[in-house]
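Welcome, and please open the structure in your viewer. We will take it in a few stops, selecting one group of residues after another.

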Amino acid sequence: MAQARVKARSSRKEPVFGERFSVFAECLLTGVWIAVACLGLVTYPAAFAAGARHLRRRTAHVAGGWREFVADFRTAVRGGWAVGLAGWAVAVAVWVDVEAARAGLPGGPLVGAVGLCALIGCAVALLRAAAVWEPGASWRALLAGAGRRTVLDPAGSFLIVGGSAVVALSALFAAPLAVPVLGAVAAAAVAVEERYRRR
């Protein structure tokens with residue numbers, strides 16, 4: 001009798017474990033797709049948007065694969081390239097702030113710290129916007145809403161920062177590891193947005 005209960009419990013747990021492992025594997029594969037789509041330098045917002053949409057389909061048990069990812073990427077890149085260009089401009093401005101702080105200019109450390117915090121906030125808002133992107137959505141409206149959620153949901157924003165830190169640490173230990181882990185960052189953004197939506 002006890003053995004029958006153990007077998008019943010283990011048979012119930014196996015599909016859940018298999019499904020969770022399958023989602024994890026899908027995240028890693030999506031990370032590779034995102035990395036390839038980011039090779040255009042200004043295409044990273046569209047890459048994360050397509051990756052997040054793919055992961056949302058996967059968790060909703062809707063069929064979709066590489067072709068759907070590419071179709072989403074093509075749609076998202078139409079307005080997303082300008083967002084990517086603006087992101088690089090912000091990164092350059094922060095780099096100038098950090099260099100000013102290193103040069104010992106008056107107020108340099110404060111300006112550098114503020115600039116770095118602003119860069120992190122912009123990155124989180126971008127990931128949150130990409131996590132809810134749908135074809136036909138305006139990037140401006142998505143970013144405005146994501147900016148508000150970044151401030152109003154600090155716990156969720158911190159989770160996304162933590163996921164991004166995992167990518168950075170993976171790159172420090174072994175650069176190739178950072179590629180599949182990009183999918184985990186997209187998954188973290190999707191999970192944070194879903195959590196915020198259900199509040």
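## Stop one: the largest pocket

In this predicted model, the largest pocket has a volume of about 960 Å³. To find its middle, select Tyr44, Leu119, Cys122, Ala123 and Leu126: of the 31 residues that line this pocket, these are the closest to its centre.

Next, colour the helices around the pocket. At least two lining residues come from each of α2, α3, α4 (108–131), α6 (154–173) and α7 (178–198). Which helix gives the largest share of the lining? Select α4, which supplies 8 residues.

Now try colouring the lining by residue class. You will find 29 nonpolar and 2 polar residues, with no charged ones.

## Stop two: α4 and α6

To see where they touch, show the side chains of Ile120, Val124, Leu127 and Arg128 on α4. Across from them, on α6, pick Gly156, Ser157, Ile160, Val161 and Ser164. By class, this contact has 5 nonpolar, 3 polar and 1 charged residues.

## Stop three: α2 and α3

For the last stop, select residues 44–59 for helix α2 and residues 66–102 for helix α3. The axes of α2 and α3 come within 5 Å and cross at roughly 140°, and they are therefore oblique to each other. Is the crossing of α2 past α3 left-handed or right-handed? Turn the view and look: α2 passes α3 in a right-handed crossing.

On the α2 side, the contact residues include Tyr44, Pro45, Arg53 and Arg57. On the α3 side, look for Glu68, Phe69, Asp72 and Trp88 among them. The whole contact of α2 with α3 has 12 nonpolar, 4 polar and 4 charged residues.

Terms used:
Residues are numbered from 1 along each chain as its sequence is written. This is a predicted model: local features need pLDDT of at least 70, side-chain atom pairs count only at pLDDT 80 or more; totals for chains, interfaces and linings use all residues. Side-chain values use heavy atoms; hydrogens and water are left out. Axes are lines fitted to C-alpha atoms, for helices over the stretch in contact, and angles run from 0 to 180 degrees between N-to-C directions. Helices (H or I, at least four residues) and strands (E, at least two) are DSSP runs, numbered from the N terminus. Angles under 35 degrees count as roughly parallel, over 145 as roughly antiparallel, 65 to 115 as roughly perpendicular and the rest as oblique. A crossing is left-handed if the near helix is turned anticlockwise from the far one by less than a right angle, and right-handed if clockwise. Contact means heavy atoms within 4.5 Å. Ala, Val, Leu, Ile, Met, Phe, Trp, Tyr, Cys and Pro count as nonpolar, Asp, Glu, Lys and Arg as charged, and the others, Gly among them, as polar. On a 1 Å grid over the protein atoms alone, a cavity is a set of points where a 1.4 Å probe fits but cannot get out, and a pocket is an open set with protein on both sides within 12 Å along at least five of seven lines; lining residues have an atom within 4 Å of a point. Grid points are joined across faces, edges and corners, and a volume is the space filled by probe spheres set on the points.
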